[in-house]
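This report walks through a predicted model. It turns to helix packing, then to the domains, and finally to the surroundings of the ligand.

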Amino acid sequence: MKNNYQQIISSIYSEIVSGENLGEIPNYISELANISDHKFGVAFLDLNNNSFGKGDFQEKFSIQSISKVFSLILVYKNLGEKLWKRVDVEPSGNAFNSLVQLEADNGIPRNPFINAGALVICDIMLEIFENPKNEMLNFIREISQHENINFNTKVASSEEKNGFRNAAMCNYMKSFGNIKNKPEDVLDLYYHICSIEMTCENLSKSCLFLANGGKNPKNNETILSSSKTKRINAIMLTCGFYDESGEFSFRVGLPGKSGVGGGIVALFPYHYCITVWSPKLNLKGNSFRGMKFLEEFTTQTGESIF
Ligand code: DON
């Protein structure tokens, strides 16, 4: 190993934990509002099976939008390139829950990682899978090599109660013909997928194949073709942090994905995967400490895709 990752992770962790913890825990999902803002975990896993964890890396949290990577992969594997007729691959430059571009773009979301795009992915899941909820859990259980991954139905229903904006988005896309199923069924699947709970350790394990050309690092079996894997990584780099994707790329320089539960997963292709969790979010909805940690990490390791 070129770097002593364990030492670098420990020293950045100590520095950040004693520094400022700015931002807010989102309160529009009431079940998530009471989480302790001191939670902070990091899990590193490389392709040589070296792994290091720090802090709350074995505690489950709500992965929220990070799940959009997994639902996209499931649909992309099944539908192939036809998928891109229903959702584009351009950074939106707008908030993750914005509706503003949908009218000009005829109900085609800019990318699969904003809420509108993830709703279209859920709509396709309802079309192609008999039981999309099971399909999703089975896929994540397989890639995380962990059986105990589930939805948190309390989180899903608490979000649904306040989900007026997502409902508006889904109905609006239906009016353009880009939602085929009943909006309430699409929203129910979407909220369940967002409510999946995993640890930093589970997430690093689940995403390691994306840093391995799409092959399962354990047995070298193909989970996703190398061409599709490249494209998922590209969308993570350009769209994984909503209207802060440029900033993440600029400061960190790795493909990644965040969620409003405070998690961020990032990949150094052909080397490793690293996940950070800290619940307080900056104004763009990305973990304040997570962004800071990963910026410091790539600065100290000297490793990024650029
Ligand atoms: O639909 C929502 O608003 C949430 N379930 C997911 C949003 C999310 O994680 C975006 N992240 N920054």
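## Helices H3 and H7

In this predicted model, helix H3, which covers residues 115–128, packs with H7 at an angle of about 110 degrees, and the axes of the two helices are 9 Å apart. Since angles from 65 to 115 degrees count as roughly perpendicular, H3 is therefore roughly perpendicular to H7.

On the H3 side, the residues that meet H7 are Ala 118, Leu 119, Cys 122, Asp 123, Met 125 and Leu 126, and they face Asp 185, Val 186, Leu 189, Tyr 190 and Ile 193 in H7. Divided by class, this contact of H3 with H7 holds 9 nonpolar residues, no polar ones and 2 charged ones.

## Helices H5 and H7

Helix H7 (residues 183–194) also packs with helix H5 (residues 153–161), here at an angle of about 130 degrees and with the axes 8 Å apart. H5 and H7 are therefore oblique to each other, and their crossing is right-handed.

From H5, the residues Ala 156, Glu 159 and Glu 160 meet Leu 187, Tyr 191, His 192 and Cys 194 in H7. The contact of H5 with H7 is made up, by class, of 4 nonpolar, 1 polar and 2 charged residues.

The domain assignment of the protein chain gives domain 1, which is built from 5–63 + 197–301, and domain 2, which spans 65–194. The C-alpha centres of domain 1 and domain 2 lie 21 Å apart, and the contact takes 33 residues from domain 1 and 32 residues from domain 2.

On the side of domain 1 that touches domain 2, the elements giving two or more residues are strand E4 (197–198), helix H8 (200–207), helix H9 (226–239), strand E5 (256–258) and strand E6 (263–268). Of these, H9 gives the most, with 6 residues. The residues on this side of domain 1 divide into 16 nonpolar, 11 polar and 6 charged.

## Around the ligand

Which residues surround the ligand? They are Gln 64, Ser 65, Phe 96, Asn 97, Asn 115, Glu 159, Asn 166, Cys 194, Ser 258, Gly 259, Val 260 and Gly 285. By class, the shell around the ligand has 3 nonpolar, 8 polar and 1 charged residues.

Technical notes. Residues numbered from 1 in each chain as written. Predicted model: local features only at pLDDT ≥ 70, side-chain atom pairs only at ≥ 80, totals over all residues. Axes fitted to C-alpha atoms, helices over the stretch in contact; angles between N-to-C directions. Helix = DSSP H or I, 4+ residues; strand = E, 2+ residues; numbered from the N terminus. Parallel < 35°, antiparallel > 145°, perpendicular 65-115°, else oblique. Left-handed = near helix turned anticlockwise from the far one by under 90°. Contact = placed C-beta atoms within 7 Å. Nonpolar A, V, L, I, M, F, W, Y, C, P; charged D, E, K, R; others polar. Domains from an automatic or database assignment. Near = placed C-beta within 6 Å.
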